[in-house]
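Please look over the sequence and the model below. A short walk through the fold follows.

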Amino acid sequence: MSGAAPSEGADRDPGLQPERTRLAWRRTTLSSTVAALLAMKSTLHGGASAAAITLCALCGVLWLGFLLVAHRRIRVLSATSGPTPALAPRHATTGALLTVALAVCAAALVY
């Protein structure tokens, strides 16, 4: 084993990290879209009660909120060519809370 550490900046392409992050945001948005739509479809398919319709509307609003946060982050990542600015704690917390709330809402719709 050699005691010399490889230089970290020599092989690093700063353009790849923002692209990977942007693609991860897109995958997460697609996953939340599919989860919300499947939960709404399964709920409304068997005849809907007022509570089910309310949960479907809430699920849609939560999805739109997450879509807004994700789109804002994708836009920031696309606009920068160098090192990307960190995600603001407020936006990170909002995205995490919206994701959890959407998952809980979708689970409530299915069961």
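Helices here are DSSP runs of at least four residues, labelled H or I, and they are numbered from the N terminus. By that rule, Ser-32 lies in helix α1. The model is a predicted one.

Start with the overall plan. The chain holds three helices and zero strands. Read from the N terminus, the order of elements is α-α-α. Helix α1 covers residues 16-45. Helix α2 covers 50-79, and α3 covers 89-110.

How do the parts of the chain meet? Take the contacts with a separation of 6 or more: 78% of them join residues 24 or more positions apart. Gly-60 and Leu-37 are 23 residues apart in sequence, yet their C-alpha atoms are 8.6 Å apart in space. Gly-60 sits in helix α2, and it is buried because its relative accessibility is 18%, with the cut-off at under 20%. Leu-44 and Leu-109 are 65 residues apart in sequence and 9.3 Å apart in space, again C-alpha to C-alpha.

Now turn to the inside. Of the 111 residues in the chain, 24% count as buried. In soluble globular proteins, nonpolar side chains tend to be buried together. The largest nonpolar core in this model has 17 residues. Which of them touch the most other members? They are Trp-25, Met-40, Cys-59 and Leu-109. Helices α1, α2 and α3 each give two or more residues to this core. The most come from α2, which supplies eight.

Setting aside neighbours within four places in sequence, Trp-25 is in contact with Phe-66, Val-69, Ala-70, Arg-73, Ile-74, Leu-77 and Leu-87.

Return to Ser-32 in helix α1. Is Ser-32 buried or exposed? Ser-32 is buried, because its relative accessible area is 11% and the limit is under 20%. Not counting residues up to four places away in sequence, Ser-32 touches Trp-63, Phe-66 and Leu-102. Phe-66 is also among the contacts of Trp-25.

Next, the cysteines. How many disulfides does a search of the whole structure find? The search finds zero. Cys-56 is in no disulfide, and the nearest cysteine sulfur to its own, that of Cys-59, is 6.9 Å away. Cys-59 is in no disulfide either; there the nearest cysteine sulfur belongs to Cys-105, at 4.1 Å.

Leu-44 is partly exposed, because its relative accessibility of 45% falls between 20% and 50%. Beyond residues up to four places away in sequence, Leu-44 touches Ile-53 and Cys-56.

Last comes the surface. The accessible surface of the chain is about 7,500 Å², and 68% of that belongs to carbon and sulfur atoms. One nonpolar surface patch, of about 290 Å², is made by Leu-30, Val-34 and Leu-38. Val-34 is in helix α1. With 41% relative accessibility, Val-34 counts as partly exposed.

Terms used: Residues numbered from 1 in each chain as written. Predicted model: local features only at pLDDT ≥ 70, side-chain atom pairs only at ≥ 80, totals over all residues. Heavy atoms only, no water. Disulfide = S-S within 2.5 Å. Patch = residues over 30% accessible without salt bridge, like charges linked within 9 Å, V, L, I, M, F, W, Y side chains within 5 Å. Areas by Shrake-Rupley, 256 points an atom, 1.4 Å probe, with all protein chains shown as cover. Salt bridge = Lys/Arg side-chain N within 4 Å of Asp/Glu carboxyl O. Buried < 20%, exposed > 50% of the residue type's maximum accessible area, 1.4 Å probe, protein only. Contact = heavy atoms within 4.5 Å. Core = buried A, V, L, I, M, F, W, Y, C linked by side-chain atoms within 4.5 Å.
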